[in-house]
Each structure stands twice: as structure tokens, then as C-alpha cells.
Amino acid sequence: MDHIAVTVNGRNLPLRGIAAHTTALDWLRDTGLTGSKEGCAEGECGACAMLLATSDGHGGTVWTAVNACLVPAAALDGQEIVTAEGLGTPEALHPVQERLAEGGGSQCGYCTPGFACSMAAEFYRAGRVAPAPAESGDRAHEIAPNGFELHALSGNLCRCTGYRPIRDAAYALGAPEPGDPLAERRGRPAPGPVATRLEAGGERFLRPPSVDEALRVLAAEPDAVVVAGCTDWGVDVNLRGRRAPLTLAVEHLAELRALSFGDAAVEIGAALPLAEIERRLDGRVPLLGELFPQFASPLIRNRATIGGNLGTASPIGDLAPALLALEARVVLVSADGEREVDLSEYFTGYRQTLRRPDELIRAVRIPLPLAQQTAFHKIAKRRFDDISSVAVGFALDVDDGVVASARIGLGGVAATPLRARATEALLVGRSWNVETVRDAASVLEAEGTPMSDHRASAEYRSRMLGTALLKLYRTRPLTAEGVPA
Amino acid sequence: MTELATRPANPVVGTLVAHESAALHVTGTAVYTDDVAARASGVLTAWPVQSEHAHALVKVDPGAALVVPGVVRVLTAADVPGVNDAGVKDDEPLIPSEAMFHGHALAWVLAETAEAARLGAAAVRVDYEPLPSIITVAEAIEAGSFQGIPRTVRRGDPESVLATAPHVFDGVVEVGGQEHFYLETHASFAHVDSEGQVFVECSTQHPSETQEIVAHVLGLPSNRVTVQTLRMGGGFGGKEMQPHGFAAIAALGATLTGRPVRLRLNRTQDLTMTGKRHPFHIVWKAGFDDSGRILALATTLTSDGGWSLDLSEPVMGRALCHVDNAYWIPNFVAQGRIAKTNKTSQTAFRGFGGPQGMFVIEDILGRVAPCLGIDAATLRERNFYAPGQTTPYGQPVRHAERLHEIWRRVLDESAFDERRAGIAAFNAEHADTKRALAITPVKFGISFTLTAFNQAGALVHVYKDGSVLVNHGGTEMGQGLHTKMLQVAATALGVPLDAVRLAPTRTDKVPNTSATAASSSADLNGGAVKHACEQIRDRMAGVAAGLLGVDPHDVRFSRGRVGGIGASDPSLTFADVANAAYHQRVQLFAAGFYRTEGLHWDTEKMQGEPFKYFAYGAAATEVEVDGFTGAYRTRRVDIVHDVGDSLSPLVDLGQIEGGFVQGAGWLTLEELRWDETDGPGRGRLLTQSASTYKLPSFSEMPEVFNVHFFERATEDGVVYGSKAVGEPPLMLALSVREAIREAVAAFGAAGGIVELASPATPEAVFWAVEAARRAAERAAPEDRPAGASVGAESPLVPFDH
């Protein structure tokens, strides 16, 4: 086995005694860093959150909070992480630790190290500035005068405090002091990707140096489990005991991480974390801009990718309904070359797709121009960090008060994500008014074949499709020019 | 005022201090049970083999597991040297031959690693002989499947009054259970030390009972077993009874293999194996006069106890004693019975039946207010206890005037009337979004209803250098008990807080302790710590009197100095006096003991004075409901709560806020779903992970959250005039549910009744909104909504035994 190692809290530690499936969390705890806790082992509670040094794209480093329970330890090879123990000590608390401690931000303390890490990531966020005075209204309480966005903590659960003191601790933070080592660290490059090969106990973890090598491996071993952020496979490993003879990590491959805004299409690399896509698109695809804050939590979005979300092909994945409404196409690559398929044809059955085992998802292409009016409606039990019961992506063009085009993507109502073709057909050519919307809503409610489960009943799922369209109509009235009034 | 309640000058109690472990929490250096295991070497991991049937006779064949690499041993019933039972009532076999619920642990695999243990458990062969199962309360009622002793609280003649009352309503309602979801799952770590003592680190709220169970499973006397609880990552009642069996498995493994054994449930194991808050099925009938005064209430409560009795009887007892909540109900009958089902054995959870009891009356008042044509807030206040009245179980409601004062203060603080007017204007302008502001009260009885539990012990050492070490019988689960005990000791000894250290809770320091539960651990252990400290202080006063040349009665201890009234020298340090005391051969350590006086309770008749006092509070909550989806937000909460004179204001504030949000989770979001079909998964918990069982997150935090303590609230007869705070605030969250109900009503016609499922999930709220809209569309008067069956025949058939 090659020597592999990771920098933890400033110390270089060999990644000894790990299997391909060993999580960063288990490894940290085995090394004696027991501050990171397992609360759920599926990226829901954030008790294991840690800071990962990632590139800011301009030669500097971003401190990125991620769930240690989902990151394979092997994926940390050559990387740099900080845990709650590395932020400060009881004698010399870090500013986020000081605020949390003095303000009653910890009770049982079990979730607290994770909160400290998520909070530190936001503390060090370069773009954290005071909001413009104009930013008021219903969501004003979710962004503080110090620029702290409450969503930064939405992947951390606390069962004791009721959250108020944690929020107040975050909102009381100042800027990093001069000489703050982690703030200064941001000015130097993050560790680059390292080719990793680990073999233990009949399992291999492979991070190939190039996409060509990855495709060669995949051609030879099509049963390999391809992972990027590992936010889905990690859950299978932890909760369902799934193990793979070969885990093929592709999140670092430059060919899968490009983002370009061309004349005819936006192309988004399949291995880019969603948080990075959100930053780099910066609102230029409004439908995705509306979706991202509703997709899981920052701890997940900092790792999860489009390729992963479309690769697992879950019918309740949040991206597909939006991308379907955007008429996105999927770029698949294999050793034989590239092909492009329409996303609406990509899903073939429950977690089944057109992707051949020897193919990687390289990118998605969203054709331009975008529809004038888009919206993303996610129905879930909880507003932050939940899985959809139903998700609906809308993309409409309205000319002179008449619907010129309509594309609606649905999730959670069938074995696959799907386009609401019947509703789209009904809408096109009709005047955009309440009668049309009511007619269309009743058709929309009959699209798909929803089922009842622990998240929602089939009846509720159906109704939510119809009310989503009605809500779109009622909350975003269109003028004759198709511009929000 | 009693000496117990009196505070000396410059008390450390009442000052704003952070949790004693806060600096350790935030740096990840606070150590929990499984962290100890992670740092030890040669440790074996225990993994359960869980039943795949809700009810079946089982035969376990561990053979195939033993050949899995790394597997060391499989624990089966044959391995138990003592009593094969993990409960206190001999009804919970540690390793059963009959699986009583889906997920029941049938055997435990010990292996070198967690991975090997998991694979070993998967390899164990289990032969099932399936038996009929009962999953829902409705099935249990139909089948007559009950356990324990049914109880009835009765006063007056409710049946006759209900037959003649001007307004009579009835209904059936169910309230769901709740998973504790302490962030730290159950954990135990056991080894046998050099002297043959079985030492168990355990995340338990009741170390003494854990010790007893471990001892009887191992067939050892209690003096051979020591249980230590460093701290828990949350308990909420879920670690009062349920840790014992896990500790016993770890201890059994350690004694059989000679190696340390760690047992930490993963989240799914914890969810599928351990008990939860009891779901309740409630049938009620209530009569009112024209002014809205309650004349009579008859109700039958059926709780879902799961497969074994556990704490279901006292939980039901407390529920029956809280149906009245804050209201005078002259004619009253509440009957309680416990269903036996093939599910996890439901157990203590913050409030311990109180929340379900209060739910009954708050649900009734919220439902019927529109029928009576009286605003719900007015209806509630009109029925409050007046001073001098007694509860249906015969206890005088002392300080009933506090209810009225707190209520008025919440109305003021929340600008209740003014905001309600604003909300009405908002609702008139918004067809798709409605807001509402509702206020509800809490009156919660404090003390264990099992009288013997109302005692506590402490062991306090003063060292020659003046430093102080405190042991007491309570456990720290985040509620700040240790912080309060440090403040009590510092106050009693007149030393600064940093002169006192708290040692982890251990059964070899303070024996025969009570569970840290029922909100009473600060009252009880605080009394014991104070008692111990005062013995030492009085002895030191004698020493100081000699040094200062004053009478011992004139010696004062304050802020680490010891001085005398009229002494010529200004004062001595506490350390000087401690050192002098040592040299004069004066004992500098003491055991303290406390028992709550004045309690009596007749369990058979359900009459007496089971509570030392009542904790009072009220909350006004504003919500906004989205008519498209049923989703809601909590816009603002105003609370006034009675903590007596707070021992530790930051701790108490945290208990109120945290309890409120946890209660809101129970009532609005957290949903336990079980497979109730006849399919192969019957009885399986469907919401068995954090991704399917949703607890409140930041999005459920009240956007504005104002909490005030009730002032000048000294509680006589309790340590330094304080009151218990752990459980009562949870029930303030009933205001969230009532606000949602009123917001839903705003979608319909005025005066419409709203029936709301519990939990009121967005889907449940959406259907309620739909019902309100439909009712408004059919405005015909003969189409009265369900539930408003004025004068109708009652479905309530009280059962007498």
C-alpha cells in the first residue's frame, strides 16, 4: 500500500489501518480525536462536521464544512482538515467557541463540536459582509448584521437548546483577528488532488490521476462504485452496510469540474460541489439559484454533486425536477467517446438510467436562453435540510399574456423524475389566467403515480402538484411581457 | 421562610454562569461514554441480532457467526449467570426466547471490530415461529390487550352533570409518540478491574438502577458493581430505564471474555430498540355552562405502552393528574389504561405523561371555543383555578394566583390584543396565508409520584488548601444540574465558584440514588449538597471562631473569606480555616441527605398530595400557515415562566427555550410511523433514521423568542427558593398547536371548528385547511362540522373496574 496521510489540526497523520469504506469520522475517533461525534451517520445531524481546506479557485483556500461521517477517510489523502479540537482549546477558545460557550450555546454538548465547525466555516467565509439595508422582510432574521447566514448551520441539529442561543452566538461574531492562523491560511493554496490507491481486506479505494485512467478502470471493472462527494454512497455504507470491491473517486478530475456560460448553453461539470456551482453561477440560472438553498444543507452541498444526484437517480432527488424544467442534457463519457442524452429520456426506471456501467457523467448542459419565468417548489416536512415529498420545477414563457412554452419537472410522484407533459401541453397557447391555472392544476395533479409513505400520502403529493402551480400563479403574477409584476 | 429557601449574602446561586462543561463542549474535549471506549485498547464491540418479526418464538443458532473473522463470542440466554432480566418488574428478559417487537435484540455478538461484529450478527441464524401481533392502539383496544393496573381519578358526579349541562361536546383524538433523539445514542463500556470489580461507564440517568440490574444479571451483590456516568449527550427520560439492559450486556461480555466491551447503538438501532414517548388515544366528553365555565369532564386515556410495562403506569398516573392543567373542573373523571402492543417499550420522556394529559384539556378548549362563541384565550382564563381550589386528585392548588399574574404578564409582554388586531387585518388581506396568535397556560406538579424516589445524597470534601470536591447522586445530561450543584456548594460554603469541582457521578460515592428525572434533581440533590456543605461549614465556623475570637454563630463565610461579626481582624481565607481545621482534627468532609417533606399519595384511590409544588407558566405564540402546502412558521413566542428564584438563570433560560422547541417538535413535526400492514414488515418502525424522523432544526426556531422569569417567585421549602424547570416548559408548546388551529380556522368561516391531527405536520395542517375551506363553502347551518355534536349521545363508555 502506498503511504497516505492527512493534515489534521496542523499535524501530518498517516492514514493507517483504514479500509476503503472507513469514514473520516471513524478514523478520527480511532486516532483519539473524539470531539467529532456520530449522531446519525447519514449527514443529517452535523455532529461530525469538520473543516476541509478546499480551493477558492484563485490560489487561496476556503474552509469548507463537511460531514466527516460521509467522507471516506481515504479521500482525505493529501488533504488538510480541522476539527473542533483544532479550532481552540479550553484554555484558549476560538472566537466561535467563546461565543457558543458564554451564551448558553451548549447544553449536553454532543452536537457542539459540529456546530463549532459549521460556524467557523461561516466565520471565515470571505464573502461574509453585512447585508445591504434594503434586505429586510420575511427572511431578514436569517441573515445577521455581521453577514452571518443562518443557513450555514442548517445541517446541524441540536436537541437541547432550541437553537436561539446558537443563533445569537453566531450573530455576535466579529471578523477574524489579525494573526488568526486559519484566516491567514486562506491566503495560501489548498492542497491539490492526490492520486490515491488503497487496498485492504479485499476492498480498494482508487483515485485515478486522470479521467482517461478513470475510464480505463471503469471499462475493465464496470462494477466499480463511482463516488464524488460520497453523500449518497456514504449513507449506504453506514446505514445499509454496503461494501464495494472497488470505490472509484472522481471528484477531483478537472474534466468533470468545468463550468462555462456559453452562447447556446451553460455547461456544469458533474463533479463540482453544488455549493461551488451556486457561487459560480451567482444567480445566472435563477431556477437553480432558487433550488440550491433548499437542497439538503451546506454540509451536504459542499460535497454533493450534480453527477452524484443524477447518477443515483433517486426519484426524490431535488436536482432532476429543476433540470428537467430547464431541458438539460446529460453528457456521458466513456473510453469510446462522448454522447449526450436528453435528461427526460435519461431515467429509465427506479434508480435506473441510460448510463452504461463504463460511462461517467461528465457534465450537464442547460440550453440558452432560459425561460422567462421559473420557480422551484419543494414540499417537505421541514423547511431546512429535509428530503422532498414532492418537488416541482417550473419554466414558463408568457408572451402577450399567452403561455408560449411550458416545461415542468416533477420529483416524488413516480419511480423516476418526470416531465409533466400533459400539463405542459394544456398550458401552451392558453391565456395565463386563473381559469387556465385551475384547469392545468387539475391535470397536473393526475401526472405521475405517487405513493403513500412515511413522508406523505399519495393524495397529499398529488394535491401539492396542483397547489404548486396555483401558488406560482398567485405569488408571481406575470405582466403581459412575462416579467414579474 | 424556611432555612432551606433562604439565601445568604453574596450567593453564587442566581448568578449568570455558563454550563460547567461549556469550554469542554465547544472544543470537543468533553468526554462521553463511548469516547472512553475509543481511547481504550483491547476493546470488543457488541452488536445486536435484531428480530425481523413483531412477535415470534425464536431459536438462535450462533454457529455461523463464530467463524466470521474477528468474532469472539455470541451472547445468548445460556450465558446469563444471574437473572435473565433487564427490567425492574421481571418482565423484560435480557435475552429473550420470544421476540416481542420488530427489532428486539435476540443475541449479541462480540467481536474485535464493529465491522466484524456487524457481519457476525448478520451471520447468526434465527428461526422464527411467528405469532399474532398487535401494532396499533386501536387493535389493542379491540383485542383487549392491556397491561398494568388501570387507574381512575374522580371527583364529583361528572356523569349526571354531563347529562344536564347546557353545552356538551365529545370527541376522540390521538396524540403521537416522540423519539427522544438525544444526539448521543445509548452507550455503555464495561470492564473488570484488577480487584474483580465490574466497572461500567454508562450513559444513564439512573446509575443506581443500572448497577442493580447489572448486578442481578451477573448474579453479583451490588458492592461488586460500580457504574459511572461522566455526562450524557442528552437523555430527556430516554435513559432513565432503558440503559440497564445495554449496560448488562456490556458487563456480561466483559466478565465472560475478560476484555473491555463497548456497546454503542447506532441511530437506527437506538430508534428501533428503545422506548419513546407514549402515544395516547383519548375519548372525551365535556360539559360547559353558557358563560363557558367547565362543569364536567369525562375522559378515557389509553396509552400505547409497547411490549413491556417499563414506566407506563407512573406515566399514566401523571397524565391523569395533568388533564386538569390550569383549570377548575368541579366534576371530573379520567380513566387511564395501558395498551400492550408489539412495539418498543415506551418509557419516560420529558413531561412523563403530563404533556399528554394537558393535551386533552387544551385540545378540548381549542376545539369548542368557537362553538361557545367565546375567544379561546378568554375561555381558558375564565376557567383558571382560583386560590383555595383543589385538583381532582385532592391537592390544594397553592399559588394559583400566580397563574393569573403570569397570564396577564404574557398578554402584556406579547402585546396580545394589539397584535391580534394586526393579525386580523393581515388575514383579511391575504387569502393564501393566515396568521394566528394563541396563548396557553401550564401548571405542572413537581415530585416523583413514587414517594421513595424523593430522596437524594451527596458527598462533599474540603481539602486542606480550601478546594472543594462535590459528589452527588444526580447525573448531567445537558440540563445544567452539575452547574447548579456547583453554585449551591459555593453558596453554602461561601467560596467562589472556581474553588469547587464536581466529580463524575458514581455509585461507589453516593449509593441508592434516584433517577435524574421528574425535573426534581436540582431540588433533591441541591438539598443534599447544601446539607453536606453546611455540616462542614458549621464545623469550620467553630474553628474560625477560635481564630477570630468571636462566637461561632457570628462567623460568616462569603466569597472565599471567613470573618466574624465584631472581629478585630478583618477575615481569614477559607483555605486558612480549612488548614487550621485539619490540624485541629476537625472533619472536613460530610455526607448530605435530603428527603422531600409533606408528600402523600394513595395510588389505589388516586388521591392525595403527590406534588411538593406546582410550576407555572404561559406562552403566547404567533404562527403563519401557508394555505398552499400546510407549512407553517413560528413567528414569535413570548413566555413567562415560574422557576422560583432561579439557581442559575442561563441554565434555566436554556431549559425553557429548549423544552419549548422540543414540545413544538412533538406536536407539529416529529412523526413515528410503523408498518401497520399485514405484510412481512409488520411492526417495523418506518421512521428509523434522522432522514425520516425529523426533529426541529433552525427553521423551526421561533423567529422572535422572548422569555421572562416570573419575578419575586421564591418557593419556600426548596433549595435557595428555586423551582424545578426541566419538564414544565415543554408543555408551553401547546400554544404552537393552538395557534396553528386558529390560523387554520382563519381559512374558513368564523366560528368553524378545527380538528387537528397530532403531530400537526404540514400535511395534517393542509387537510385541516381544506376541511375549513370546505366547511365555509357549505355554509348551510345543518351542516355543522363534526365534533360539534351539541347534546348528542356520547360514544364514551367509561369502564369501571
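Trainee: Which residue in β12(B) stands opposite B:Ala190?

Mentor: B:Val261 of β12(B) is the residue facing B:Ala190. Keep in mind that this is a predicted model. The general idea comes next: strands of a sheet pair through backbone hydrogen bonds, either parallel or antiparallel. Here, strand β9 of chain B (residues 187-192) runs antiparallel to strand β12 of chain B (residues 261-264), and 4 bridges join the two.

Trainee: In what order do the 8 strands of the open sheet in chain B lie?

Mentor: Read across chain B, the order is β3-β5-β1-β12-β9-β10-β11-β20, and the pairing is mixed. At the edges are β3 (71-75) and β20 (505-506) of chain B, each of which pairs on one side only.

Trainee: Which helix of chain B packs on that sheet?

Mentor: Helix α7 of chain B, residues 207-218, touches β10 (198-202), β11 (225-229) and β20 of chain B. The direction of this helix makes about 145° with that of β11(B).

Trainee: Now the open sheet of 4 strands in chain A. What is the strand order there?

Mentor: In chain A the strands are ordered β6-β7-β9-β8, again with mixed pairing. The edge positions belong to β6 (196-200) and β8 (225-227) of chain A; each has a single partner strand, so one side of each has no neighbour in the sheet. On average, neighbouring strands of this sheet are turned by 15° against each other, with direction ignored.

Trainee: In which sense do β7 and β9 of chain A pair?

Mentor: Strand β7 (residues 203-207) and strand β9 (residues 246-249) of chain A are parallel, with 3 bridges between them. To find the pair in the model, look for A:Arg204, which stands opposite A:Leu246 in β9(A). Helix α7 of chain A (residues 211-220) lies across β7, β8 and β9 of chain A, at about 155° to β9(A).

Trainee: On to helices. How are two packed helices described?

Mentor: Two packed helices are described by the angle between their axes and the distance between the axes. Take helix α11 (residues 354-372) and helix α19 (residues 734-745) of chain B: they pack at an angle of about 25°, and their axes are 11 Å apart. That angle is why α11(B) counts as roughly parallel to α19(B). The crossing of α11(B) past α19(B) is right-handed.

Trainee: Which residues of α11(B) and α19(B) make the contact?

Mentor: From α11(B) come B:Met358, B:Phe359, B:Glu362, B:Asp363, B:Gly366 and B:Arg367, while α19(B) brings B:Leu734, B:Arg737, B:Glu738 and B:Arg741. Sorted by class, the contact of α11(B) with α19(B) has 3 nonpolar, 1 polar and 6 charged residues.

Trainee: How do the axes of α18 and α19 of chain B cross?

Mentor: The axes of helix α18 of chain B (residues 649-668) and α19(B) cross at roughly 45° and come within 8 Å. With that angle, α18(B) is therefore oblique to α19(B). In this contact B:Phe660, B:Ala664, B:Leu667 and B:Thr668 of α18(B) meet B:Leu734, B:Ser735, B:Val736, B:Arg737 and B:Ile740 of α19(B). The class count for α18(B) with α19(B) is 6 nonpolar, 2 polar and 1 charged.

Trainee: Are α16(B) and α17(B) roughly parallel or roughly perpendicular to each other?

Mentor: Helix α16 (residues 521-548) and helix α17 (residues 574-583) of chain B cross at roughly 100°, and their axes come within 9 Å. The two helices, α16(B) and α17(B), are therefore roughly perpendicular. The contact joins B:Met540, B:Val543, B:Ala544 and B:Leu547 of α16(B) to B:Phe574, B:Val577, B:Ala578, B:Ala580 and B:Ala581 of α17(B). By class, the contact of α16(B) with α17(B) has 9 nonpolar residues, no polar ones and no charged ones.

Trainee: Next, the backbone. Which peptide bond in chain A is cis, with omega near 0°?

Mentor: The cis bond runs from A:Leu368 to A:Pro369. A:Pro369 sits in the loop between β16 (360-367) and β17 (373-379) of chain A. In chain B, the bond from B:Ser758 to B:Pro759 is cis, with omega near 10°. The place of B:Pro759 is the loop between α19 and α20 (762-777) of chain B. As for phi, A:Asp385 has a value near 50°, positive although the residue is not glycine. A:Asp385 is in the loop between β17 and β18 (390-399) of chain A.

Trainee: Last, the interface. How many residues of chain B are in contact with chain A?

Mentor: In chain B 80 residues are in contact with 77 residues of chain A. The two chains, B and A, bury about 6,200 Å² between them, 56% of it on carbon and sulfur atoms. B:Leu183, B:Phe628 and B:Phe698 supply 13% of the area that chain B buries against chain A, more than any other three residues.

Note on methods
Residues are numbered from 1 along each chain as its sequence is written. Chains are lettered from A and ligands numbered from 1 in the order in which they are written. This is a predicted model: local features need pLDDT of at least 70, side-chain atom pairs count only at pLDDT 80 or more; totals for chains, interfaces and linings use all residues. Side-chain values use heavy atoms; hydrogens and water are left out. Two strands pair if DSSP finds at least two bridges between them. Contact means heavy atoms within 4.5 Å. Axes are lines fitted to C-alpha atoms, for helices over the stretch in contact, and angles run from 0 to 180 degrees between N-to-C directions. Angles under 35 degrees count as roughly parallel, over 145 as roughly antiparallel, 65 to 115 as roughly perpendicular and the rest as oblique. A crossing is left-handed if the near helix is turned anticlockwise from the far one by less than a right angle, and right-handed if clockwise. Ala, Val, Leu, Ile, Met, Phe, Trp, Tyr, Cys and Pro count as nonpolar, Asp, Glu, Lys and Arg as charged, and the others, Gly among them, as polar. Buried area is the accessible area (1.4 Å probe) that two parts lose on being put together, summed over both.
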